Amino acid sequence: MSSISPNNPSHRQDPFEGVDFYALDELLDEEHLLIRQSIRDFVKKEISPYIEEWAQNCHFPEDIVKKFGSVGAFGSQIPEQYGGGGLDYIAYGLIMQEIERGDSGMRSTVSVQGSLVMYPIFAFGSEEQKQKFLPKLASGELLGCFGLTEPDHGSNPGGMKTHFKDMGDHFLLNGAKMWISNSPKADIAIVWAKDESDRIHGLIVERGMEGFSTPETHNKWSLRASSTGELVFDNVKVPKSNLLPGKSGLGAPLKCLDSARYGIAWGAIGAAMDCYDAARRYANERIQFDKPIASFQLVQKKLAEMLTEITKAQLLVWRLGKLKNEGKATTAQISLAKRNNVAMALEIAREARQIHGGMGITGEYPIMRHMMNLESVITYEGTHDIHLLILGQEITGIQAFK
């Protein structure tokens, strides 16, 4: 990033050009490259000049939602007939990568909309629900959120307390959800709740329904440019037409999480690339002992290890994308990629901060912002340790969750 003061965003430069040590672009088709470039250009124009100011001020720029819609960032994998892009999963991954290079909070906004709101409506919704909501979500006219996590049930979503009763002509919904990206600004929420027989279902809850509120979460040190809050349901009357009819049980929201986790595996590479690129540039410019610090062995070691880990992660998600396109990607394979790539990005952010020295903690460079964001990314959509146990169960056939 430029050394221009972050207080003058109109002058902030974003010289990023990509990281491709193994010529992986040769594995992408022309459409993939065009999509990546269009999103990269979008990030450089609409996010990079302002993101430090947004993060410093805990500001979510609401106008970015329609801008994301206009560039096709929402629901790229949803068929075109419903307003989506009709693209494959590698294209979706590249979009997540480029947006998270700009900021993890911005990518959270997009991946929640596409993977956790549009996807369940597409996969489990009625044709009427698809026609009503998907085009407006794709364009950014509507913003959505996904309500699964509760104050007392994070890694164990099956223990949720949010519930609804059949009142004849409607459902009556009660409960609360926590740590919900987009919730304070969302027009609709995909809410997972138990019926009277303790079966989990998805409900579309709309802004304005009596008893439905979305308190904002304040004092965050992470994802500060993202809007986070709660979902509170106090005898909310939900029309029966708002029940997602296609699938029930815990497997329904977990299938949505697979899609989101896949996007995170790609997105984390973007954050890592931004930290690596900033550290490489800084190391060549920063003079100590009469020469650039890039000439010192320990700095070269850090940069070489960063590039190695990014390259390995790129190969991992490319193969996972091919499996996803073929309908073969398993939950455990997605867990491996999410867990590995987020931990990789967080370690690179920490090493990049050291290369930047004291400057690394300032908003003049993106490092500390990425590092703080990644501390959330390593926890949400399944914690680092939960993904390890998903892999452990796959390896041994024994569940260690309980």
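User: Is R350 buried, exposed or partly exposed, and at what relative accessible area?

Analyst: This is a predicted model, in which local features need pLDDT of at least 70 and side-chain atom pairs count only at pLDDT 80 or more, while totals for chains, interfaces and linings use all residues. Residues are numbered from 1 along each chain as its sequence is written, and side-chain values use heavy atoms, with hydrogens and water left out. Buried means under 20% relative accessible area, exposed over 50%, and partly exposed in between, with a 1.4 Å probe and protein chains only. R350 is partly exposed, and its relative accessible area is 36%.

User: Which residue does the side chain of R350 meet in a salt bridge?

Analyst: A salt bridge here is a side-chain nitrogen of Lys or Arg within 4 Å of a carboxyl oxygen of Asp or Glu. For R350, the N to O distance in its salt bridge is 2.5 Å. The pair links distant parts of the chain, 25 residues apart, with R350 in helix 9 (residues 331–356) and its partner in helix 10 (residues 367–377). That partner is E375.

User: Good to know! How many salt bridges does the structure hold, and which residues does a network of them link?

Analyst: Side chains of opposite charge can pair when their charged atoms come close. The structure holds 20 salt bridges. A network of them links D14, R101 and D274.

User: In which helix are E309 and K312 separated by about one helical turn?

Analyst: E309 and K312 form a salt bridge, with their closest N and O atoms 3.0 Å apart. E309 is partly exposed at 29%, and K312 is partly exposed at 47%. An α-helix has 3.6 residues a turn, so residues three or four places apart point the same way. E309 and K312 are three residues apart, in helix 8.

User: Back to helix 1: within what arc do its buried residues fall?

Analyst: The buried residues in helix 1 are H32, I35, R36, I39, R40, F42, V43 and E46. Taking the directions from the helix axis to the C-beta atoms, these buried residues line one face of helix 1, since their arc is 160 degrees.

User: And which exposed residues does the face turned away from the buried side of helix 1 carry?

Analyst: The buried residues of helix 1 are covered by parts that include helix 2 (51–56), helix 3 and helix 4 (89–102). The face turned away from that buried side carries the exposed residues E30, L34 and K45.

User: With which side chain does the side chain of T228 make a polar contact?

Analyst: T228 is found in strand 7 (residues 228–239) and is buried at 7% relative accessibility. A polar contact is a pair of N or O atoms within 3.5 Å; within protein, one must be able to donate a hydrogen and the other to accept it, and residues adjacent in sequence count only if both atoms are side-chain atoms. At 2.8 Å, the partner of T228 is the side chain of K220.

User: Which residue in strand 4 is the bridge partner of G147?

Analyst: Two strands pair if DSSP finds at least two bridges between them. Strand 1 (residues 144–147) and strand 4 (residues 188–194) pair in the parallel sense over four bridges. From strand 1, G144 and F146 point one way and C145 and G147 the other way, and all are buried. The bridge partner of G147 is V191.

User: Last one: what distance separates the C-alpha atoms of I378 and E17?

Analyst: I378 lies in the loop between helix 10 and helix 11 (384–396), where I378 is buried at 14%. I378 and E17 are 361 residues apart along the chain. Their C-alpha atoms are separated by 26 Å.

Conventions. Helix = DSSP H or I, 4+ residues; strand = E, 2+ residues; numbered from the N terminus. Contact = heavy atoms within 4.5 Å.
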